[in-house]
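The report below goes through the cores, pockets, strand pairings and loop residues of one protein model. Please keep the sequence and the coordinates at hand while reading.

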Amino acid sequence: HFSKSDPAVFLYSRGREVEWTKVGRTEVIDNNLNPKFSTTFSMEYRFEEIQNLQFVVYDVDNKHHVDNIDKQQLLGTMECTLAEIMAAGEHLTKSLGLKGTPSGKITIQAEEVQDSKFIVNFELSATKLEKKDFFGKSDPYIEIAKSQEGGAFTVVYRSQPIMKTLSPRWPAFE
């Protein structure tokens, strides 16, 4: 391997069942050993029930079959409970394990979300952006972040890049 990993995190849950159930996965972040994912997962927190979670980090080598884990390289796993995450406060950081050996750390942020009926539609564009690529035009993308109680910001949305343009127009999203 001559490049850095292209990580994605797959989240699985298990209550009383024997089998893990896939909750979802994050986006893939190219060439990054310290990724900050913007994908969020919504789960119902049941205080009286043990809700086991498994976070599995893969190096996505095959972008055409991201969800086929047999085609990806395992970087590490971490298991905990949803109660453990909620009790940790602002965030929970634990070691990833790979065949019994530590293989990095993962930080999980959680917040209790009240029911909200607000849906916001965004349609964004930019014009005459500064050229940042050494060769050719830039590949701009958007990040939207929200502030947390401690004043830090958390990315809640990251667009796909619009390739080779200084005046991008991103598809609408909500």
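## Phenylalanine 55 and the cores

Leaving out neighbours within four places in sequence, phenylalanine 55 is in contact (heavy atoms within 4.5 Å) with Val9, Phe10, Leu11, Gly76, Thr77, Met78, Cys80, Ile85, Ile106 and Ile108. The model is predicted, with local features requiring pLDDT of at least 70 and side-chain atom pairs counted only at pLDDT 80 or more, while totals for chains, interfaces and linings use all residues. Residues are numbered from 1 along each chain as its sequence is written, and side-chain values use heavy atoms, with hydrogens and water left out.

A nonpolar core is here a set of buried Ala, Val, Leu, Ile, Met, Phe, Trp, Tyr and Cys residues joined through side-chain atoms within 4.5 Å, where buried means under 20% relative accessible area, exposed over 50% and partly exposed in between, with a 1.4 Å probe and protein chains only. The largest nonpolar core has 13 residues, of which Leu53, Phe55, Met78, Cys80, Ile85, Ile106 and Ile108 touch the most other members. At least two residues of this core come from each of strand 1, strand 3, strand 4 (73-81), helix 1, strand 5 and strand 6, helices (H or I, at least four residues) and strands (E, at least two) being DSSP runs numbered from the N terminus. Strand 3 gives the most to this core, with 3 residues. A second, separate core of 7 residues includes Ala8, Phe10, Tyr12 and Val66.

## Pockets

A pocket is, on a 1 Å grid over the protein atoms alone, an open set of points where a 1.4 Å probe fits, with protein on both sides within 12 Å along at least five of seven lines, and its lining residues have an atom within 4 Å of a point. Grid points are joined across faces, edges and corners, and a volume is the space filled by probe spheres set on the points. The largest pocket holds about 1700 Å³ of space, and among its 47 lining residues Phe37, Thr39, Thr107, Ile108 and Gln109 are the closest to its centre. Strand 6 gives the most to this lining, with 7 residues. By class, the lining of the largest pocket has 25 nonpolar, 16 polar and 6 charged residues, with Ala, Val, Leu, Ile, Met, Phe, Trp, Tyr, Cys and Pro counted as nonpolar, Asp, Glu, Lys and Arg as charged, and the others, Gly among them, as polar.

The second largest pocket holds about 600 Å³ and is lined by 18 residues, with Glu27, Val28, Ile29, Arg158 and Ser159 nearest its centre. Strand 8 gives the most to this lining, with 3 residues.

## Antiparallel pairs

Strands pair if DSSP finds at least two bridges between them. Strand 7 (residues 143-147) and strand 8 run antiparallel and are joined by 5 bridges, with glutamate 143 opposite arginine 158 in strand 8. Their hairpin has 5 residues between the strands, and glycine 151 in the turn has a positive phi of about 95°.

Strand 5 and strand 6, also antiparallel, are joined by 7 bridges. Lysine 99 takes a positive phi near 55° in their hairpin, which has 2 residues between the strands.

## Two loop residues

Serine 38 lies in the loop between strand 2 (21-25) and strand 3 and is buried, at 7% relative accessible area. Apart from residues up to four places away in sequence, serine 38 touches Glu27, Val155, Val156, Tyr157 and Arg158.

Aspartate 30, in the loop between strand 2 and strand 3, is partly exposed at 46% relative accessibility. Aspartate 30 and serine 5 are 25 residues apart in sequence and 6.9 Å apart in space, C-alpha to C-alpha.
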